[in-house]
Amino acid sequence: MTRHAGVFLFAIFFATAAFAQSAGGPAAKPDLAQGRDLYEQSCGVCHTKPLITSGRFGPALSKQNLGGQADVMAEVIANGIPQRMPGFKHHLNAGQIRDIVAYVQTLDPPPAEAAKPTARTTGERRDDN
Ligand code: HEC
């Protein structure tokens, strides 16, 4: 009987420890350095424009996208946009997505001219002009 009680307490101890750990995850302060690294790895290929002559697949991102709403941005990152952008929920966890959102929200919007390349500035034809 006392042995069973011991096993029971042991199980409770582990359940509590696991809960404390997960509660410390997504609720903790965002890690901007990690957000920037993940952003460069996973998003930069479509959302940043390294050279003035290269095209960009997705829009430039900044604190102004999606009205600056962190939860909406996290949703877009997790589920993607049908036909346009892949979802990242199987690739990144909630904490990593939160770090990326926090990083994007430190970015100022680019000047209007840079935000939307036109046929005039790139010398190529684009459908979204
Ligand atoms: C394969 C290219 C691609 C990758 C990789 C990609 N995106 Fe996108 N993303 C797009 C495109 C294209 C759009 C615009 C979709 C549209 O206009 O319908 C978009 C739109 C968005 C939007 C909405 C912008 C707005 O104002 O409507 C957000 C936010 C976003 N992406 C964040 C991210 C983040 C963060 C990552 C990395 C985790 C990422 N994307 C990775 C292509 C990509």
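Mentor: A polar contact is a pair of N or O atoms within 3.5 Å; within protein, one atom must be able to donate a hydrogen and the other to accept it, and residues adjacent in sequence count only if both atoms are side-chain atoms. This is a predicted model: local features need pLDDT of at least 70, side-chain atom pairs need 80 or more, and totals for chains, interfaces and linings use all residues. Residues are numbered from 1 along each chain as its sequence is written, and side-chain values use heavy atoms, with hydrogens and water left out.

Trainee: How far does a polar side-chain atom of H47 lie from a nitrogen atom of the ligand?

Mentor: H47 is among the closest residues to the ligand. Its polar side-chain atom and the ligand nitrogen are separated by 2.8 Å.

Trainee: How many residues of the shell around the ligand are nonpolar?

Mentor: The shell holds 20 residues. Four are polar and one is charged. The nonpolar ones (Ala, Val, Leu, Ile, Met, Phe, Trp, Tyr, Cys and Pro; Asp, Glu, Lys and Arg count as charged, the others, Gly among them, as polar) number 15.

Trainee: Which protein donors does the iron atom of the ligand have?

Mentor: Donors are N, O and S atoms within 2.8 Å of the metal (3.2 Å for Na, K and Ca); water is not among the atoms, so sites may look incomplete. Two protein atoms lie 2.0 to 2.1 Å from the iron: NE2 of H47 and SD of M85.

Trainee: How many residues apart are H47 and M85?

Mentor: The pair links distant parts of the chain. Helices are DSSP runs of H or I with at least four residues, numbered from the N terminus. H47 is in helix α3, M85 is in the loop between α4 and α5 (94-104), and their separation is 38 residues.

Trainee: What is the site of the iron atom, with its six donor atoms?

Mentor: The angles run from 86 to 178 degrees. Six donors pass the test if opposite donors are over 155 degrees apart and all others between 65 and 115. The site is octahedral.

Trainee: Is H47 buried or exposed?

Mentor: Buried means under 20% relative accessible area, exposed over 50%, partly exposed in between (1.4 Å probe, protein chains only). At 11% relative accessibility, H47 is buried.

Trainee: Which helix do the buried residues of α4 pack against?

Mentor: In α4, the buried residues are M73, V76, I77 and A78. Contact means heavy atoms within 4.5 Å. The partner of these buried residues is α5.

Trainee: Which residues does D99 touch, not counting those up to four places away in sequence?

Mentor: D99 is in helix α5. Its relative accessible area is 2%, so D99 is buried. It touches P30, D31, Q34 and G35.

Trainee: What is the phi of Q83, which is not a glycine?

Mentor: Most residues other than glycine have a negative phi. Q83 sits in the loop between α4 and α5 and is exposed at 82% relative accessible area. Its phi is positive, about 70 degrees.

Methods:
Near = heavy atom within 4 Å. Tetrahedral: all angles 85-135°; square planar, octahedral: opposite > 155°, others 65-115°. Helix = DSSP H or I, 4+ residues; strand = E, 2+ residues; numbered from the N terminus.
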